[in-house]
Amino acid sequence: MELTFFLQQMINGVALGSLYGLIAIGYTMVYGIIRLINFAHGDVMMMGCYFAYFGILMFSLPWWASFAVALLLTAALGVLMDKGAYLPVRNAPRISALITAIGVSFLLENLGLVVFGGRPKGFETPDMFNEVYEVAGLMFPALVLWTPLLTLAILGIILLIIYRTKTGRAMRCISHDMETTKLMGVDVNRIISITFAVGSAAAAAGGIMWAMRYPEINPLMGIIPGFKAFVAAVLGGIGNITGAMLGGLLLGIAEILLVALMPELAGYRDAVAFGLLILILLFRPTGLMGTKLPD
Amino acid sequence: MDPNHLRNQILSIAGTVVLLALLYVANTQGSDYTIRILNNIAIFIILAVSYNLINGVTGQFSLAPNAFVAIGSYTSALLTLTPMEKEISFIIEPCIWPLSVITLPFIVSLVAAGVVAALLALLMGFPVFRTRGDYLAIVTLGFGEVVRVIANNTQSITNGPLGLKGIADFTNIWWAWGFAIITVFLIGRMIRSSYGMAMKAVKFDQAAAEAVGINTYWHKMLAFTTSAFFQGVGGGLLAHLITTISPVLFTFFLTFNLLIIIVAGGLGSTTGAIIAAILFTWGGEALRFVEEPMDLGFIDIPGIPGMRMVIFSVILVLIMIFARQGLMGTREFNWNWVCRKLGIGGRS
């Protein structure tokens, strides 16, 4: 195999993996703090894409403004979801919370189908991301370069929030021991809502880049990336944000290499993530970087 | 031992006879539409009651019934299709050898469907039951997806995305309800047996169950494979009812429907699963109007496809928030209760 071909595929893998990582951050934050697999996370990502789409198309905002508004709206949706559906079942058995999450997921998908229609919509990529650079025989679409950079920036911001702010400290406390944190006078429900907001905004950012990559969006687009991002989160050790990012990268690279090296197995691409998930849970259930034992 | 055991058994048999008589009337007098709905109800009862065994009774939150229904559908369909039909259907790649020449009777294909699904469950069980709780949910979900991906890609066995067409419409009201009654009877017996007791113990407190000497792993396996067997049979019946199957039929969507049924009925209650399966199937038909164009005189509402699923999703979330017990909780129908309510005294 030629080196340039390999490098090209690695770059693609890193770009795809960053997207999985961005979406995985939301899973891992929410799981870390309230032990809930937020099934609807992929669908929150989908809603983020539609917000951005309508921002450009209907309100003719410049793309950057539209993306920013989409992030804010998606964060608000995350809070709404938490307050409306997850807060009432917070003290219920964990399986009840999981069923609620599955319900919310289907609600968002089907609302999407009803409101936006099932037909895929073309997503307009800003010109800036459409250019193609050529360096030493390697082709870099601008988007493939921008994705990991933006992802790193977002990761940095989230890490800053978690490790350098009071809110972040409260988040870490809750994931350690929610009851004691309550006793210390922390408004736990507010902190959890903020966690949902941050995670949802990260998912929206991932989703928008996903939409530019494929350039089309539909109401069911969140399902597969959502599942894969969850796998990435488990791979990196659920609850661990840097781990989620690494898990995402690993998954993205593995997937791209499978398709590139064994094109005849390309149809099994979507099964790779689940195969990996099963292997991890069997042999290293704490994930690659995990410190918390899954139940 | 219940002193009214004999009376209750007689009442159960009488109840079954009445049900069969009603079905006979429906089958001869009812429209095709009615019969179709009755068949759907029977199949959903089979799927929901068996799904409830692993999720409700044993408390292991599997999300893989779509995998077993898929395996059952494909197995039985491939076994009843004639070699000629297979040759016509498999246009991209021919069907592989032993499958391409055999045609078996319907009943054999149904049993085979159940057995293959149960074998798959057995294989899956080894890794799956090393996890618990929501991780088990995700792993089983993963298996469900993998089965669908495989069905999409093994062109020479499943005919890939094209699916199988021209499956004989063997499923009629007697096959469907016959198997529904058998499923309810056998799974009911299992739940009331010492195995069922052990399964319930696993659900309420796994550590305590282990402490009293219950082999939790084995009982989870038993519930999982039994449930898969009946889901496979249900899949076989489904394939011969709708006569065309393809991988898109067996997505997570199917699991979601079954999940709503057992949650609404009350996780752990077979009676609840049956009632909810009837309500869901009938309600799904009754709610069709919300997707049709409406003319309210002053305003025209165009048809909104997908509206029913929005309603079902909202119902699921509302049940979880306000009525976690579902219709029945973990209670079951029993004749003693009925007789007491009717004022017919029994020995106590």
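Analyst: Across the interface of chain A and chain B, the rule finds one salt bridge, meaning a side-chain nitrogen of Lys or Arg within 4 Å of a carboxyl oxygen of Asp or Glu. The partners are A:Arg94 and B:Asp134, whose closest N and O atoms are 2.9 Å apart.

Which elements of chain A give two or more residues to the side that touches chain B? They are α3 (63–86), α4 (94–116), α9 (223–235) and α11 (269–283) of chain A. Helices here are DSSP runs of H or I with at least four residues, strands are runs of E with at least two, and both are numbered from the N terminus. The largest share of that side, 14 residues, comes from α4(A). By residue type, the side of chain A that touches chain B divides into 30 nonpolar, six polar and four charged residues. In this count Ala, Val, Leu, Ile, Met, Phe, Trp, Tyr, Cys and Pro are nonpolar, Asp, Glu, Lys and Arg are charged, and the others, Gly among them, are polar.

Before going on, a word on how to read all this: it is a predicted model, in which local features need pLDDT of at least 70 and side-chain atom pairs count only at pLDDT 80 or more, while totals for chains, interfaces and linings use all residues. Residues are numbered from 1 along each chain as its sequence is written, chains are lettered from A and ligands numbered from 1 in the order in which they are written, and side-chain values use heavy atoms, with hydrogens and water left out.

Now for the extent of the interface. The contact (heavy atoms within 4.5 Å) takes 40 residues from chain A and 40 residues from chain B. Between them the two chains bury about 3,400 Å², 82% of it on carbon and sulfur atoms. Buried area is the accessible area (1.4 Å probe) that two parts lose on being put together, summed over both.

Over all chains, the structure holds eight salt bridges. One of them joins A:Lys228 and A:Asp270, with the closest N and O atoms 2.8 Å apart. A:Lys228 lies in helix α9 of chain A and A:Asp270 in helix α11 of chain A, so this pair ties together parts that are 42 residues apart in sequence. A:Lys228 is buried at 4% relative accessibility, whereas A:Asp270 is partly exposed at 28%. Here buried means under 20% relative accessible area, exposed over 50%, and partly exposed in between (1.4 Å probe, protein chains only).

The side chains of A:Glu255 and A:Arg269 meet at 3.1 Å, N to O. A:Glu255 is buried, with a relative accessible area of 0%, and A:Arg269 is partly exposed at 25%.

Chain B has a salt bridge of its own between B:Glu285 and B:Arg288, with the closest N and O atoms 3.0 Å apart. B:Glu285 is buried at 18%, while B:Arg288 is partly exposed at 36%. Back in chain A, salt bridges that share partners join A:Lys228, A:Glu255, A:Arg269 and A:Asp270 into one network.

Helix α3 of chain A, one of the elements on the side that touches chain B, also holds A:Ala68. This residue is partly exposed at 39% relative accessibility. A:Ala68 and A:Ala201 are 133 residues apart in sequence and 9.5 Å apart in space, C-alpha to C-alpha.

Finally, here is the partner chain as a whole. The secondary structure of chain B comes to 16 helices and two strands. Buried residues make up 53% of its 348 residues, and along its principal axes the C-alpha trace of chain B spans about 65 × 60 × 40 Å.
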